[in-house]
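User: Hi! I am new to protein structures and would like to learn how to read one. Could you take me through this one step by step?

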Amino acid sequence: MCAKVVLTADQGSFTSYSGVSTLGYVACMPARLVPRILMDKVFTPPQESDRRGEALRAPYALRKIEAALHYGGIDDVIVSPPGDLERVVGEDTKVLGISVHDPYGMSPVSTKLTMIFGGGPSWTAEFFSELSQKVSQLKKKYGFKVFVGGPAAWQIGMNRPEWVDLVFNGEAEEDLPGLVLMGIEGKDLPRNFTGKNPPVSKIPKIIKPSRFGEVQVTRGCPRGCQFCSITPETFRSIPMEDILEEVKLNLNSGEKSIELLTDDILLYGSQRLVTNHDAVVNLFSSVRKAGAEQIYFPHISSPAVLDSPRTVMELSEIAEYHKYRAEAPVVGLESGSERILRKYMNGKPFPWKPADWKNVILDSTPILNDAYITPCYTMTVGFEDETDEDVEQSIDLVQSIIDNRYRAWIFPLAVIPMTSSRLRGKPFPMIDKLPGKYWELLYIAWSYDLKMSREMLPEMTKRMGNSVSRHIVNLMTDRIFSRIGGIFKELAESHGQKAYEFSDINLNSTIGFLKSIYWLGLASISGS
Ligand code: SF4
């Protein structure tokens with residue numbers, strides 16, 4: 001008997017990235033530049049499943065949907081990796097739900113990496129295309145309804161495949177169960193639906209283990225940047241009892257570390273963007289007491305760090321970041337231009353002003369470093385009215401980080417006018433339209449990133465369970481990064497025109513395949 005409702009995602013999202021989530025960024029590279037064998041074995045290996053085809057651990061978003069359906073009275077649900085679809089989908093299947101993260105390679109990271117390396121589909125787009133073919137064939141055979149939702153549902157809205165019945169935007173808990181019931185009963189469905197934001201009391205707890213021990217602690221962000229799809233009115237903190245139940249469920253399943261999902265860990269329990277020291281410290285100590293050996297979080301914001309350095313130090317002590325020095329959350333640095341900040345992200349520096357932004361960054365970075373945290377700074381470049389003068393100010397800020405020798409990665413990304421953000425309708429970035437200075441910024445940042453990666457990656461990859469994969473990643477990073485350094489220099493000198501010359505490189509060709517075998521072999525010899 002097959003499940004009535006099947007939930008899945010493409011291989012670029014339904015994976016544990018060999019234990020290091022940052023390796024997921026490799027899937028944003030043009031597919032022709034990263035051999036398939038390395039994606040399957042190292043960067044995005046398929047998630048394990050049981051004999052029935054059910055994932056042992058699944059991305060948190062799918063687990064949350066599964067829980068919402070469960071509490072909505074729908075229990076015949078299975079969460080399965082894409083490779084198991086043929087086994088779990090059958091005559092009884094009425095609804096197939098797909099969570100999408102970057103189906104057409106239009107996310108900021110994919111856009112940047114495909115643009116500067118000569119174009120072509122990213123691995124994220126390739127994986128979605130593979131899933132697309134599979135779903136289309138299965139749908140023809142069994143006639144189920146297909147729902148697509150998730151953070152990149154906006155991309156599907158821009159180019160809708162014919163096999164999609166319903167594109168679901170927004171949060172799922174309030175409205176999705178009713179729509180799935182309609183799908184099960186064969187009723188007519190709306191083509192598009194935007195879900196309401198539930199109060200925390202209506203956000204159900206997951207009922208099966210999530211990948212990386214992921215547990216959500218906040219939803220939304222009050223800062224209101226225009227390029228971001230997260231709106232100020234959506235901010236909520238999840239109650240401690242619910243968090244701890246999910247933490248225990250993951251730990252009881254054998255997970256050792258917990259990843260606290262949030263857009264800013266220092267927002268936990270806050271009101272009006274004032275850090276709630278006690279709530280954050282209580283969160284970390286409770287998770288630790290529950291038995292988590294390691295605690296990670298994906299995002300933190302610079303103004304909050306500067307607002308409450310003692311909170312940062314205390315959470316670092318509780319999580320013992322000094323032991324493994326691998327905490328590297330994404331932090332929005334965005335721009336060094338006061339004008340750009342004021343116009344597009346006025347609330348970002350709160351409680352400081354856009355004019356203070358440079359100091360906020362330069363004063364908060366050493367606080368993070370003292371707490372053994374290495375920020376992955378992301379920058380947004382290419383607003384339609386951005387000039388070389390604005391980028392010059394961004395270069396000045398980045399250069400100050402470098403001159404101070406702060407530990408940080410810096411990634412200048414092209415701004416994407418997501419249809420779910422307030423920049424919808426603006427043009428997408430193109431090489432010839434970016435400010436000329438962007439390429440200089442990219443080169444300076446990349447050179448520093450290379451230095452950081454050489455220092456930090458051996459520490460970070462200690463989390464990888466498989467020593468062969470660990471060696472491959474470290475070896476490849478060193479070799480590939482060394483070569484890429486020259487590429488960024490040429491891009492800077494040619495104002496990006498050099499990118500067009502990279503479009504002929506294809507490492508999925510025979511020679512690329514042989515190189516991959518060589519890397520795998522070399523790594524397994526030296527890694528065993
Ligand atoms: S601070 Fe980050 S999460 Fe919050 S609105 Fe701005 S970009 Fe989005």
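Analyst: Happy to! Let us start with burial: a residue is buried if 20 or more other C-beta atoms lie within 10 Å of its own, exposed if 12 or fewer, and partly exposed in between, with C-beta atoms placed from the backbone. Lys 489 has 15 other C-beta atoms within 10 Å, so Lys 489 is partly exposed. Please keep in mind that this is a predicted model: local features need pLDDT of at least 70, side-chain atom pairs count only at pLDDT 80 or more, and totals for chains, interfaces and linings use all residues. Residues are numbered from 1 along each chain as its sequence is written.

User: Where is Lys 489 found?

Analyst: Lys 489 is part of helix α17, which covers residues 467-493. Helices (H or I, at least four residues) and strands (E, at least two) are DSSP runs, numbered from the N terminus. The chain contains 18 helices and 14 strands.

User: How much of the chain is buried?

Analyst: Of the 528 residues in the chain, 48% are buried. In soluble globular proteins, nonpolar side chains tend to be buried together. To look for that, we use a nonpolar core: a set of buried Ala, Val, Leu, Ile, Met, Phe, Trp, Tyr and Cys residues joined through C-beta atoms within 7 Å. Here the largest nonpolar core has 138 residues, and Val 148, Val 381, Ile 410 and Leu 442 have the most contacts inside it. This core takes at least three residues from each of domain 1 (1-205) and domain 2 (469-527), the bounds coming from an automatic or database domain assignment.

User: What is Leu 442 in contact with, leaving aside neighbours within four places in sequence?

Analyst: Two residues are in contact if their C-beta atoms, placed from the backbone, lie within 7 Å. By that rule, Leu 442 meets Pro 412, Phe 488, Leu 491 and Ala 492. For the chain as a whole, take the contacts with a separation of 6 or more: 80% of them join residues 24 or more positions apart.

User: How do I read strands that pair?

Analyst: Two strands pair if DSSP finds at least two bridges between them. Strand β4 (residues 145-149) pairs with β5 in the parallel sense over two bridges, and Val 148 sits opposite Val 167 in β5. Strand β5 (residues 166-170) is mostly covered, with four of its five residues buried. Another parallel pair is β13 (residues 376-381) with β14, joined over six bridges. There, Thr 380 faces Leu 413 in β14.

User: Why is strand β14 described as largely enclosed by the rest of the structure?

Analyst: Because five of the six residues of β14 (residues 409-414) are buried. Cys 376 and Val 330 are 46 residues apart along the chain, yet their C-alpha atoms are separated by 4.6 Å. Beyond four places in sequence, the contacts of Cys 376 include Trp 409 and Phe 411.

User: What surrounds the ligand?

Analyst: A residue is near a molecule if its C-beta atom, placed from the backbone, lies within 6 Å of it. The surrounding residues include Cys 221, Arg 223, Asp 263, Ser 301 and Lys 348. Ala, Val, Leu, Ile, Met, Phe, Trp, Tyr, Cys and Pro count as nonpolar, Asp, Glu, Lys and Arg as charged, and the others, Gly among them, as polar. The shell around the ligand divides into four nonpolar, three polar and three charged residues.
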